[in-house]
Every structure is written in structure tokens, then in C-alpha cells.
Amino acid sequence: MKKKNRLQLDDNGKLKHFLTIEGLNRQLLIDILDTAESFTGVTEQTIKKVPLLRGKTIVNLFFEASTRTRTTFELAAKRLSADVLNINIQASATAKGETLLDTLRNLEAMHCDMFVVRHANSGAAHFIAQHAAPHISVINAGDGQHAHPTQAMLDMFTIRRVKGEFHKLNVAIVGDVRHSRVARSQIHALSMLGVEDVRIIAPKTLLPSEPEAFGVHVYHDLREGLRDVDVVIMLRLQKERMSGASLPSEHEYFQRYGLTEEKLALAKPDVTVMHPGPINRGVEIDSVVADGPRSVILQQVSHGIAVRMAVMSMAMQSHLPEATGGRRE
Amino acid sequence: MKIEIKQGRVIDPANGIDATQDLFISNGHIVALGSAPPGYVADQSIDASDQIVCPGFVDLRAHLREPGEEHKGTIASETRAAARGGITTLCCPPNTHPIIDTPAVAELVQRHADLAGHARVVPLAALTQQLAGTAITEMHALKMAGCVGVSNAMRPVANTLILRRAMEYAATYDLTVFIHAEDYELANNGCVHEGAVGSRLGLPGIPTAAETVAVASTLALVEETGARVHFSLISSQRALQKISRAKYDGLPVSCDVSAHHLHLTEVDLLGFNSQCHVRPPLRTQRDLEGLRKGLADGAIAAICSDHQPHEADAKLAPFSATEAGISALETLLPLALRLVDDNVLSMPQMIASLTHQPAAILGIKAGTLAIGHRADICIFDPERYWMLDEHSMLSRGRNTPFLNWEMKGEVTHTLLRGKTVYEG
């Protein structure tokens, strides 16, 4: 825990890398939400740009396919006036046998300032942050099954906008928690922001080992778990889990864990429905619910840009004292 | 060449000896304890006062990387590191390249060890050809070539029928089968213990059941075949319970544990510390305590190093993409001594778990200071403090989570067949 703390924060306690919610503190999360709030104006202007990161180079280093996350990071960087480089590593260097560290060194030699990293291995963003040159900030855009902190923060942003406060809420996360980096980050963020009742709802095959260690309440029955819930977050069910040893069929999963109007009626009347996307209609969520009045799924996407602008500008801010008065060296 | 070792605390658990006395060596063998034989004139005298004189250690599991992976280590480099650690006999698993599944490779390994002259190396032969798990090896020929047991290393055997036949065939030639108890399917390419820490880090887990299922099915085959089985690297309390129950019931089974499983747990992985990536994985505090208890009550016969040297790059990647293993020869003694300091073992018990007990599992003459035996001896200062730093390591692999740990207890002399191979 301490190690993570040191890695993510600089000597003044400011955000340097954004790798996981764990080891951060409540005030920092609130700062991120407040900063994001101040950026929402920018995205609604005719000229959707602020000059905060002018002259900075941000590299989207994606070792795993992604459309939405990469696009919103790219838009966020551009709206901060940074130069953006998109690198899809699956198709380039590592395929030629280059190690991750070599790729990193090459990009450093090109004088980049920030890496936004997505990687299939848990801990990849930590690894890169540990080995990157000191002037580089690393933002985790999803590492294996470990963390996806910007997704969690945009979800927190959405919840705060809709509900105002955190501490009185009951929040349920439904679906494949075992393999979900999004769920892990959400659980940490919700707890840190004061939500006392975080529930995870799934069959045992989709729960992580020792789920109670996360400080959550575990349910196997969606109807029971949804009772009096203020926010329900549905997780995407990966295609490869839909049949085989974890689940018998899409049909049974939808019967038991698919969110329908009828099941949603058990939650509080003003319940909010969220989903990190992309959604599988008719698998984890009924279209009527996904497109219904209580769904904020599309708002989540637009909030993603403001939250990522906030995180990027804050992480770069930690370098500003050094940067003022000219370039490094 | 005659060497006398003066005034050391001589501990030889095999013979129930623990007393301050002199020890006399002649022509590579121990010739007397206490008083010199008539007419003995030493060519060299070692002052061992305030030090412990014991049999050279016998390590049940050390990967030497040769042949095939000399960028990680060679027989010469790793046996030199062993000598620094007071280890005079090393048992190496068969997963070299080429694999030790023919007498030629087994002989090559021993010849290279003899040429290097730092420690004795006894190989395990592959249980199945190419370790592929489908066809058994020429075990008789391999035994004639010096192999002291058979093992499929970390690789799975295709099915229980093949394992049964392999055990029966090994038993025909009185070869011990060394089992690395891990059910391949349940392990499911995991890299950490399946538990709270693995869940938090989002790393694929190896459940305790991967070990207990493999132990249970192997034990059933021991009952069936009568083959002698040694379980390498037990990592969980539950598996240990099963083995210890089977021993109680009279089955010919034994087991060992690595030194790191007695000091580290899954918690040490936090921060994605790839130096703690080992197989079997580090498990819980409860397991650690269970293993320590098993050592104290005799359920576990030996502490091994499970030495696995790597080049630096092997650990420079995101956790699950790194290679498992610790370079462990040079920390075996201080880590074992910590158990004495922690009141888990007495000094003679600790030494027994590093000497005659592992030697008995290998069925070799080693690990004792009996008169007439070859003089493989370790002399160490149990009170000397030192820091493990990577530049002073002799192993080619500097991969260890114990870097910068303060170690207590250091080898001052290692003698192999009456010849000083290390002096520190």
C-alpha cells in the first residue's frame, strides 16, 4: 500500500501517476471530480480547447484493443491542447520481439511527457511507472483485471451529478466482477468516497476469490441484491464467458442476472442505471432499461472526456514547478 | 592433505553429536573427532572457535541452467554460489535443454560439476521422455548414469494412468519419484496464490486445491503401487496435512519446503513485486505458520533453496509476464537460521533439515560427519551479520526479494572432499 502511495504521488502529495484508486485519498478523488466539473464547460463551448497542456506530448500506448477509452483519452488530450500520438502496440513493436521496456525507452527518447497505457497484464501500468524516466507521468487506461481508475472516476462523477452525495447511497455492481478491472476500481472509489453499502451480485463462478476482503456485501440473487438500491452498475459479460465452465448459457444468465424493468422495480424509484460499455443488449441488460429514463449510460461517456482532462492536467501539474523557466536540461 | 578443524561446535544430527571439539580430515575423509589419530600431523589448521562445524548442506532442488540456459547460470557459476552458501551437494531437476532424459545428459551435468570442483551435483532424471508426460524414460539406464530419482519437473503428466505406470516402473528400480504437486488444469496458468491479495491485484490465481488435488491423487497411487514418492516444494498447510497423515499411515512419502515459503507470504506481492513471483506461489500467513510447524514436528524433512537464477530481463516485465523463481543458494543458511532465532527449530533440527534428512531422501552418502565419510563440511559463524547486496552475489542470477535484507549467519569455510572450496 505504501509503495503504491509513493509511486502515484509526488513529494508534495500531488498526483504524479494515476494507476489505481487504492492508496489515494478521499480529498484527491474529490479534487479530480471538482476539476472535471470545471472542464465540462470547455466541452460545451464552440472552441472546445484550453491551452493547459500546449507543447506537451501525450502517447496513447494501447497494447489491447479499445475504441471508446482511447478516443475519449485522445479527445481529452486534444482539448487540453496537447499533441497526441496513438500507438497500437499489438500491431507494431512487440510483434517484432521488442520488450516493453525497449518500447518505453524509444518513446522516452522522443521526448514524450505522458503515457496513457492499456495492457492485458495486471500491473503493467505500475511496471511502466516504475521504469519510466522521472519526467514522465503514467495514466492507467486499464491493466488486465487489476484497475481502470479513470473509468471508475467518470462513474463517480456521474453518480455525484445525479445523486449529489455519496454517503447515503446503496450501490450494486452486477455481473462478472472476477474478471473486471472496472469493478475493482469502482469498489475502491465508492468506499473511499463514503458509500457504506456496496453490493456485488453474481454467481460464484464470476466472483473473485475472497470477495468480502473488498469490504462489499455479496449477493447471488439479483432480485434480493437490488432491493433499495440507488445506483446499479451493470458489467459487460465477455463473450468467452457466456458458455463453458463459468456459465451454462446466455439465456440462463439473462434470466438470473439480466437487468429488466421488472427487476429494476425492486430498487428505489429514482434508481440510476449505469454501464461502462460496450453493452450486450439482451445479455446483461434489456434494451428497454438501457435506453430508458433511468439510464445514464451515454452521459457516462461524455463525462469520460472531462474526467480524463482533469486527471491528465493534474498529473502534468505535478511537473510544472520543474518545468517553469525552461525545458529540462 | 591433512586438515584439522579446531575448537568448533561440531553438530552432526545424524549421529547425535553436538559438542565443542576438534575434527580431523585426511585424504578427503573424516578420520577422527575429539582427539587426533596416532601420528596425525595436520598440513593446515582451521580455527573454528565460536563457529559451528556441520556437514555440508544437501540442497534437494537447485536449477543450475546448464545445459541450455547459460545466460541464466552455468554449473560452474552456480556451484560456486552454492559453496559460498555452505552447500556441498545439489540435486538438479531434469528440465535443462536438452532435458535430462538420456544417460548422456546426466553424465554431462555430473562431469561439468566435477570439472568445476565447487560442489557435488546429483541429477534427477526425467520421468517421461522430453517431459512430455506421455512415454516413460529409460529409468534403469539413467540410474546407472548417476540419477538419484525421477521427476517430471513442473510439467504435467498426461493422465493418471501414465503416472501410475511411471511410478510402478520407477519402483521396479527403487527410484524415488519426485512430484511437484500442481494440478495443471486447476492451476490454469495462474501466477499467484488465489486469495485476497491475488483478487486485489487482479492476477490470475492458483488455488490451494491445485496442490491438494495433486497430492491426494498421487497418494492414492502410492497406496496402489507402493512407489516411494517425495513431494517437492509444498506450499500449503492443507497439502501438508494430507502428506503427514499418509506418513502416519505408513506410506513411503516425504516432502520438502523452500526457504522462501517459510519467510514470505502473498502480502509480499503488493506493488507487483516480480521478485516474489515463484511457483508454487507464496500463500497465506496461515500456510507459512503451518509449514513452519510441519518442519518442527518432522512432517517436512528438508528445507531446499529452489534456486532459480535468471537474467535481469526475466523479471523486467508486468508481473504475470515475468519468469518465476528466486536466486536462492546464498541465502539458504541465513534464512534457515532465522527459524532458529524465531524458535521454530533448534540448531541441530535446522542443520538436520539441511543435511542428513535430505541426503536420506536422495539415498546418497552425504550429510554426516561420521568417521570414514567424505569430508564435505560447512563451517559458519551463526552470529555474523551481513547484508545481501547484488554485486557481491556469486550466482549469475541476482533475482531475489531478499536484497538489502540484513542476514545473520555466514559461512566461513566450505570443504568439499577435504578441500577448501570457499573461504569467506
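Domain bounds here come from an automatic or database domain assignment. On that basis chain A of this predicted model is divided into domain 1 (2-146 + 304-323) and domain 2 (149-301). Residues are numbered from 1 along each chain as its sequence is written, and chains are lettered from A in the order in which they are written. Local features need pLDDT of at least 70 and side-chain atom pairs count only at pLDDT 80 or more, while totals for chains, interfaces and linings use all residues; side-chain values use heavy atoms, with hydrogens and water left out.

The centres of the two domains of chain A, taken over C-alpha atoms, are separated by 26 Å. Their contact (heavy atoms within 4.5 Å) takes 35 residues from domain 1 and 27 residues from domain 2. Between domain 1 and domain 2 of chain A there are three salt bridges, a salt bridge being a side-chain nitrogen of Lys or Arg within 4 Å of a carboxyl oxygen of Asp or Glu. Arg160(A) forms a salt bridge with Asp34(A), with the closest N and O atoms 2.8 Å apart. On the side of domain 1 that touches domain 2, α2(A) gives the most, with nine residues.

In chain B, Ser305(B) lies in the loop between β16 (302-304) and α10 (332-341); helices (H or I, at least four residues) and strands (E, at least two) are DSSP runs, numbered from the N terminus. Ser305(B) is buried, with a relative accessible area of 1% (buried means under 20%, with a 1.4 Å probe and protein chains only). Not counting residues up to four places away in sequence, Ser305(B) touches residues including Asp59(B), His260(B) and Leu332(B).

Notes:
Buried means under 20% relative accessible area, exposed over 50%, partly exposed in between (1.4 Å probe, protein chains only).
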